Amino acid sequence: MKQMKIENANLEIVQGDITNQNDIEAIVNAANAYLRIGGGVAGAIHMAAGPELERESTELGPIKPGEAVITNAYNLPNKYVIHCLGPVYERDIPHDKLLANCYKNAIDICEDKDIESIAFPAISTGAFGYPVEEAAQVALKEIINKMKTLKKLKTIRMVLFSNHDFLVHKETLKMLSK
Ligand code: ADP
């Protein structure tokens with residue numbers, strides 16, 4: 001794990017599974033526009049949460065790239081799922097701004113709802129084709145920026161599935177903190 005403290009909050013970078021973050025209040029889903037089950041992160045989250053999650057989430061769709069909505073987490077060990085629609089790389093333009101909006105909007109929801117901990121997957125870096133090196137820069141820059149203003153949120157965790165993605169995020173954080 002790599003950690004960095006900014007003001008009163010902690011940024012953590014870990015390798016793992018987003019459905020297995022037992023100490024975190026809200027986990028983020030890399031959702032599709034209609035907030036249906038899908039593959040990748042969305043498939044894993046819906047599988048672990050159970051069918052009630054999709055019943056609640058589809059009522060809130062469709063959403064646009066960069067937007068975020070919140071639901072209960074049902075059988076997951078967390079209290080909430082925050083569903084973000086990432087941009088499709090080179091199709092939803094400007095993809096960097098839209099990707100940053102995902103992180104910004106999810107963090108704003110936490111601040112509104114007094115949520116103290118959130119875990120993100122690397123949004124858009126799977127089926128949506130965003131190169132992980134570029135996505136890591138956008139995500140971590142936005143998170144670090146938001147961390148300067150937080151009142152409620154104390155822990156922000158990036159959960160990377162593969163060792164490669166974990167190393168890329170660790171290196172990117174090292175570069176950004178210089
Ligand atoms: P998107 O459609 O936004 O690209 P994906 O779900 O296809 O979202 O993938 C986003 C990233 O999440 C990919 O890097 C993928 O390897 C990773 N991932 C897949 N399953 C999990 C999981 N269970 N926990 C954390 N990350 C995951």
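## Salt bridges and packing

Lys174 and Glu171 form a salt bridge, with their closest N and O atoms 3.4 Å apart (a salt bridge here is a side-chain nitrogen of Lys or Arg within 4 Å of a carboxyl oxygen of Asp or Glu). Both residues sit in helix H5 (residues 163-176), three residues apart, or about one turn of the helix. Helices (H or I, at least four residues) and strands (E, at least two) are DSSP runs, numbered from the N terminus. An α-helix has 3.6 residues a turn, so residues three or four places apart point the same way.

A quick word on the ground rules: this is a predicted model, where local features need pLDDT of at least 70, side-chain atom pairs count only at pLDDT 80 or more, and totals for chains, interfaces and linings use all residues. Residues are numbered from 1 along each chain as its sequence is written, and side-chain values use heavy atoms, with hydrogens and water left out.

The structure holds seven salt bridges.

| Pair | Closest N and O atoms |
|---|---|
| Arg157 and Glu12 | 2.7 Å |
| Asp114 and Lys152 | 3.9 Å |

Take Arg157 and Glu12, which form a salt bridge. Arg157 is in strand E7 (residues 155-160) and Glu12 in strand E2 (residues 9-15), so the pair ties together parts that are 145 residues apart in sequence. Both of these residues are buried, where buried means under 20% relative accessible area, exposed over 50%, and partly exposed in between (1.4 Å probe, protein chains only).

Then there's Asp114 with Lys152, another salt bridge. This pair links distant parts of the chain, 38 residues apart: Asp114 is in the loop between helix H3 (95-112) and strand E6 (117-120), Lys152 in the loop between H4 and E7. Asp114 is partly exposed because its relative accessible area is 44%, and Lys152 counts as partly exposed at 35%.

Now for some packing. Met4 belongs to strand E1 (residues 2-6) and is buried, with a relative accessible area of 17%. Leaving out residues up to four places away in sequence, Met4 touches Ala9, Asn10, Leu11, Ile144, Met147, Leu173 and Ser177 (contact means heavy atoms within 4.5 Å). The C-alpha atoms of Met4 and Ile144 are separated by 9.5 Å, although the two are 140 residues apart along the chain.

Over in helix H1 (residues 40-49), Ala42, Gly43, Ile45, His46 and Ala49 are buried. The buried residues of H1 pack against strand E3 (26-30), helix H2 (51-58) and strand E5 (80-84). Just after H1, Gly50 takes a positive phi of about 95°.
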